[in-house]
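Subject: Structure handover

Hi,

Here is the structure we talked about. Please open it first, then read my notes below.

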Amino acid sequence: MKPLILLTGGLWYIGSHTCVTLEQSGFKTILLDNLSNSSLSSLDGIERILGYRPVFYDADIRDRGAVASILKSNDFSGVIHFAGLKSVGESVNEPFEYYNNNIQGSFVFFEEMERAGIRNIVFSSSATVYSADNTLPLIEEAELGTTNAYATSKLTLEFVLRNLVAAKKWNAIALRYFNPIWAHPSGYIGERPNGVPNNLLPYILDVAIGKRDKVWVYGDDYDTVDGTGVRDYIDVNDLAEAHLAAIHKVLTWDTQSFHAINIGTGNGTSVLEMIENVRLASKKDIPYTILSRRPGDLASVYADSSCARELLWWEAKRSVQQAVEDSWRFVCNNI
Ligand SMILES: NC(=O)c1ccc[n+]([C@@H]2O[C@H](COP(=O)([O-])OP(=O)(O)OC[C@H]3O[C@@H](n4cnc5c(N)ncnc54)[C@H](O)[C@@H]3O)[C@@H](O)[C@H]2O)c1
């Protein structure tokens with residue numbers, strides 16, 4: 001029988017791609033989402049790719065009764081826990097909301113998992129758990145340190161999972177994503193931010209389709225290839241495959257463990273390089289204006305991804321150019 005995996009927050013960006021990858025790789029998935037940052041349109045996209053619609057529960061991870069009933073009425077082998085609010089900037093102004101939704105919500109959810117006897121979990125963590133004072137590339141043992149409620153919620157939940165592994169014999173992997181972007185090659189699912197995009201690629205794509213006038217580039221005097229900030233952009237389809245490898249690992253471990261694992265490419269792309277990639281894919285001019293640096297921004301951030309290779313036998317395969325082309329197709333399909 002195919003292992004059944006619950007994807008909390010599975011309806012939207014990373015969850016929908018992971019759903020498709022798991023379903024195409026011998027797993028069954030059920031999605032749970034409170035629709036706070038998503039819509040049912042994503043199920044249409046998943047259905048167009050798979051040829052069938054996965055089971056979906058409209059529920060909140062903080063709703064103990066709903067969670068208990070969903071966990072009881074399905075025979076889950078494990079959980080991939082995506083559900084959470086994800087804007088660093090918003091979390092600076094709304095820490096209560098982030099602690100309530102991400103930390104308190106996960107406490108409720110984990111307690112109900114324990115009650116239901118489900119102890120295998122892959123958790124969406126983030127490279128924001130690292131302190132700004134590390135050398136590059138970032139290794140998992142680098143200094144941890146957070147400066148906003150979003151990152152603190154991720155780091156706190158990593159510690160909670162360590163405790164659950166030690167005390168309650170859970171198996172847990174926290175995947176520390178670097179900068180997930182792009183879309184499924186079908187063009188049916190992809191990143192669809194509400195309002196002004198927080199991430200660079202969706203913003204540049206908005207300029208390419210004429211929704212915004214220009215890209216604001218914060219700083220061109222960093223010590224990088226062209227002076228603009230460099231980040232490790234990971235194709236969401238590679239990221240989905242990292243979840244496949246991680247859930248497989250937690251289901252097959254014979255000793256209880258916790259691992260935090262970087263999920264990045266190990267390479268950086270600058271802001272101007274990304275603008276050029278979109279220009280080539282879209283064949284549109286991308287006007288931009290250089291502004292001064294933003295406080296708190298780092299020159300470069302990229303991962304050491306050797307731990308993912310060793311523990312998960314996973315590494316990123318897709319190129320930035322290919323991924324930008326996939327994103328452009330998705331944007332054109334969804335104007
Ligand atoms: N996208 C990124 O850049 C990035 C980077 C690092 C980590 N992450 C983490 O990965 C996870 C998935 O990110 P994403 O980009 O797919 O985000 P997303 O917003 O597209 O998906 C998260 C989903 O969780 C749902 N959700 C939020 N709170 C919920 C709750 N209380 N109960 C049920 N559902 C709830 C939302 O409706 C949304 O569909 C998040 O935890 C995020 O913090 C994302």
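This is a predicted model: local features need pLDDT of at least 70, side-chain atom pairs count only at pLDDT 80 or more; totals for chains, interfaces and linings use all residues.

Leucine 291 sits in strand 13, which covers residues 288-291. With a relative accessible area of 33%, Leu291 is partly exposed. Because a residue counts as buried only under 20% and as exposed only over 50%, Leu291 falls in between, at 33%. Leu291 also belongs to a nonpolar surface patch, together with Trp216 and Tyr218. The accessible area of the three together is about 250 Å².

Three strands make an open sheet in the order 12-9-14. The pairing is mixed. Strand 12 (269-270) and strand 14 (300-301) are the edge strands. Each has a single partner strand, so one side of each has no neighbour in the sheet. Strand 9, residues 230-231, pairs with strand 12 in the antiparallel sense. Two strands are joined there over 2 bridges.

Last, a charged residue.

Aspartate 235 is in strand 10, which runs over residues 233-235. Asp235 is buried, yet has no salt bridge. Which side chain of opposite charge is nearest to aspartate 235? Arginine 318, at 4.4 Å. The Asp235 side chain does have a backbone contact: the nitrogen of asparagine 237, at 2.6 Å.

Best wishes

Note on methods:
Residues are numbered from 1 along each chain as its sequence is written. Side-chain values use heavy atoms; hydrogens and water are left out. Two strands pair if DSSP finds at least two bridges between them. Helices (H or I, at least four residues) and strands (E, at least two) are DSSP runs, numbered from the N terminus. Patches are made of residues with over 30% relative accessible area and no salt bridge: like charges are joined within 9 Å, nonpolar side chains (Val, Leu, Ile, Met, Phe, Trp, Tyr) within 5 Å. Accessible areas come from the Shrake-Rupley method with a 1.4 Å probe; for residues, only the protein chains shown count as cover. A salt bridge is a side-chain nitrogen of Lys or Arg within 4 Å of a carboxyl oxygen of Asp or Glu. Buried means under 20% relative accessible area, exposed over 50%, partly exposed in between (1.4 Å probe, protein chains only). Lys and Arg count as positive and Asp and Glu as negative; His and the chain ends are not counted. A polar contact is a pair of N or O atoms within 3.5 Å; within protein, one must be able to donate a hydrogen and the other to accept it, and residues adjacent in sequence count only if both atoms are side-chain atoms.
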